Amino acid sequence: MDRARQRALARICGQRLLQAAIVSLLVAALCFLLVQQLPGDMAFRIAAGRYGYDYVDAAAADAVRQELGLARPAWQQFAGWLGQLAQLQLGQSLVSGGAVLAEIAHHLGATLQLAAASVALALGVGLPLGLASGLAPGGWADRLTLGYSVLLRALPPFLLGLMLILALSVQLGWAPAAGHGEGGNLLLPALTLGLGLSGLTARIVRDSVLAVVRADYYRFARSKGLAPWRVFLRHGLRNIGVTVVAYAGVQLILLIEGVVVVESLFAWPGVGHALVHAIFWRDVPMIQGCTLLLAWLFVLMNTATDLLCLAIDPRGPAES
Amino acid sequence: MTPLTSRAWPQRLGYVLLAAVLLFALAGPLLWPDYAGQQLMRFLETPSLAEPLGRDQLGRSVIARLASAARLSLWLAGLCVLSAALLGCLLGVLSAWRGGWTDTVLRGLADGVLALPGLLIVLIFSAMAQGGFLTLYIGLALAQWVEYFRMTRARSRLLLASPHVEASRLLGFGPAHIVRRHLWPELAPMLLTMMSFGLATAILALSTLGFVGVGIQPPMPELGLMMTEALPHYSEAPQLLLAPVAVLALTLAALVLLRPLEVNP
């Protein structure tokens with residue numbers, strides 16, 4: 001590995017680490033704000049949680065206030081909040097009483113399973129469609145892909161999920177509408193999320209294939225007499241790949257947002273489902289834990305995208 | 001603006017659809033003003049001339065609720081997009097203009113926000129909102145300003161370093177003139193495209209929150225919320241569910257069609 005490559009690698013990792021730190025700070029600040037504006041006296045609530053509602057009086061609440069420093073100015077409390085986060089003490093869920101870290105770890109598996117299945121589906125549908133339309137722009141495959149992607153853009157994940165439930169589950173009875181643990185349960189959520197992503201995938205693949213096919217180096221390779229498939233493998237694939245992977249970052253946003261929506265729609269027990277329920281119950285430690293986890297997952301996958309781009313295209317990203 | 005007839009047909013269709021939705025959202029609440037009145041004796045009434053979409057499970061007029069929900073979605077989303085664009089552009093130009101520390105701090109902040117998918121920001125704010133408009137509005141606007149910030153900053157940096165701006169400065173023109181004469185004409189067309197995109201995102205986020213049950217709270221009619229409420233009655237009165245679905249899908253389709261479809265034809 002040469003010097004320039006190492007420098008690019010270090011820059012990517014450094015930038016993404018910084019991004020992860022800033023986003024953690026942001027989430028912590030928002031959650032702290034959320035706690036501060038919840039109605040009621042926090043000291044009373046914590047005291048009630050400790051001693052039971054029948055045994056709380058002003059003296060017990062004052063003792064809690066003294067002990068936890070709830071009377072301190074807000075910025076000191078915020079510093080304490082951040083300190084806990086820095087030690088990865090995410091606290092306990094206010095609803096179930098379990099440690100947030102353990103609860104989230106429990107949900108993470110289901111989320112990853114759903115995400116992997118949907119991405120595989122999106123690629124399986126989007127890649128062939130995009131290739132077919134990019135290699136023959138204006139043809140029937142191209143028009144089909146255009147219509148398909150516009151239709152899916154106008155159909156947000158929860159509407160698509162709703163329609164799939166009504167069609168496949170209610171009318172035809174092919175798949176269970178909700179649940180987890182049995183074979184068919186993954187079908188509808190993965191179909192919803194995967195189909196939703198495949199429209200954009202097809203468009204991105206189509207545009208990057210077209211850009212490469214029309215490039216001078218590609219036309220030159222064709223005109224010097226190479227067979228079309230050889231030109232495609234040798235000159236096309238890598239150049240198409242780098243654009244498609246670079247745009248995967250945009251798709252990751254859709255994936256994470258989709259996970260939250262689709263999981264709550266199908267009662268799929270993942271992180272997104274846990275997050276929405278935590279918001280129902282104003283379970284702040286859970287809200288913070290789930291949001292942080294999703295944000296870190298997002299940064300991590302973006303880093304992977306950057307590294308993959310670097311691996312495909314050794315020249316590194318163009319400096320903007 | 002190019003005249004409507006010289007545009008491609010998808011864009012024309014987009015304008016027509018958007019106009020229809022706008023008309024419905026503006027005129028509907030005037031024609032059917034009572035969206036909250038319940039008549040429990042008339043629950044799940046079938047559509048008639050006076051009530052084109054029938055009544056829902058509490059005997060409320062579906063078309064009145066639908067019109068009111070459409071109006072709510074459009075104005076709240078519009079307000080969010082305008083605020084986000086304004087904030088993003090101001091910070092973007094500021095960042096490009098001042099450079100140095102201002103630029104570093106703002107860019108770091110923007111990078112951090114970018115690592116948080118918009119829906120997550122809106123979700124946290126909806127936990128604070130408890131059904132209120134203001135917090136939802138702040139959340140939606142804060143989730144979107146970064147795109148405008150990045151675009152304006154990148155473009156403004158190039159423009160501010162150009163010879164035209166240098167000449168303007170040497171001639172003694174102030175910042176107001178430079179922004180109005182040099183930056184705005186370059187930024188405006190891109191802003192419009194981004195705003196039509198952002199409008200769709202905001203409407204979608206709002207209805208998603210409503211559907212999941214953490215956005216606007218009942219009895220206020222909202223598109224996503226109406227769908228959730230109608231779901232149990234689908235077999236008796238499918239129009240309860242299909243009507244808000246149609247309005248939402250048509251609005252989103254209109255906004256998608258407005259943008260040029262071919263990225264590189």
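Conventions, quickly. Residues count from 1 along each chain as its sequence is written, and chains are lettered from A and ligands numbered from 1 in the order in which they are written. In this predicted model local features need pLDDT of at least 70, side-chain atom pairs count only at pLDDT 80 or more, and totals for chains, interfaces and linings use all residues, while side-chain values use heavy atoms, with hydrogens and water left out.

Chain B to begin. Chain B has 9 helices and 0 strands. Here helices (H or I, at least four residues) and strands (E, at least two) are DSSP runs, numbered from the N terminus. The C-alpha trace of chain B spans about 75 × 45 × 35 Å along its principal axes. Of the 265 residues in chain B, 54% are buried. Buried means under 20% relative accessible area, exposed over 50%, partly exposed in between, with a 1.4 Å probe and protein chains only. Now the contacts, meaning heavy atoms within 4.5 Å. Take those in chain B between residues at least 6 apart in sequence: 67% join residues at least 24 apart.

One residue to look at in chain B is Glu222(B). Glu222(B) sits in the loop between helix H7 (175-212) and helix H8 (223-230) of chain B. What is the nearest side chain of opposite charge to Glu222(B)? Arg65(B), and it is 9.2 Å away. Lys and Arg count as positive, Asp and Glu as negative; His and the chain ends are not counted. Glu222(B) is buried, yet has no salt bridge. That term needs a side-chain nitrogen of Lys or Arg within 4 Å of a carboxyl oxygen of Asp or Glu. The side chain of Glu222(B) does reach the backbone nitrogen of Leu225(B), at 3.1 Å. Beyond four places in sequence, Glu222(B) contacts several residues, including Ala69(B), Leu72(B), Leu206(B) and Ile216(B).

Next, the interface. Chain A puts 45 residues into the contact and chain B puts in 46 residues. Together the two chains bury about 3,900 Å², with 77% of it on carbon and sulfur atoms. Buried area is the accessible area (1.4 Å probe) that two parts lose on being put together, summed over both. In chain A, Leu30(A), Arg153(A) and Phe158(A) lose the most area to chain B, together 16% of what that side buries.

How many salt bridges cross between chain A and chain B? The rule finds 0. Polar contacts come to 3 residue pairs, both residues at pLDDT 80 or more. A polar contact is a pair of N or O atoms within 3.5 Å; within protein, one must be able to donate a hydrogen and the other to accept it, and residues adjacent in sequence count only if both atoms are side-chain atoms. Several helices of chain A supply at least two residues each to the side touching chain B, among them H6 (140-153), H7 (157-171) and H12 (284-312). The largest share, 8 residues, comes from H1(A).

Ala295(A) lies in helix H12. Ala295(A) counts as buried because its relative accessible area is 0%. Past four places in sequence, Ala295(A) contacts Val23(A), and across in chain B, Ala115(B) and Leu116(B). Ala295(A) and Ile256(A) are 39 residues apart in sequence but 8.8 Å apart, C-alpha to C-alpha.

Gly258(A) is in helix H10 of chain A. Gly258(A) is buried because its relative accessibility is 2%. With residues up to four places away set aside, Gly258(A) touches Leu193(A) and Glu263(A).
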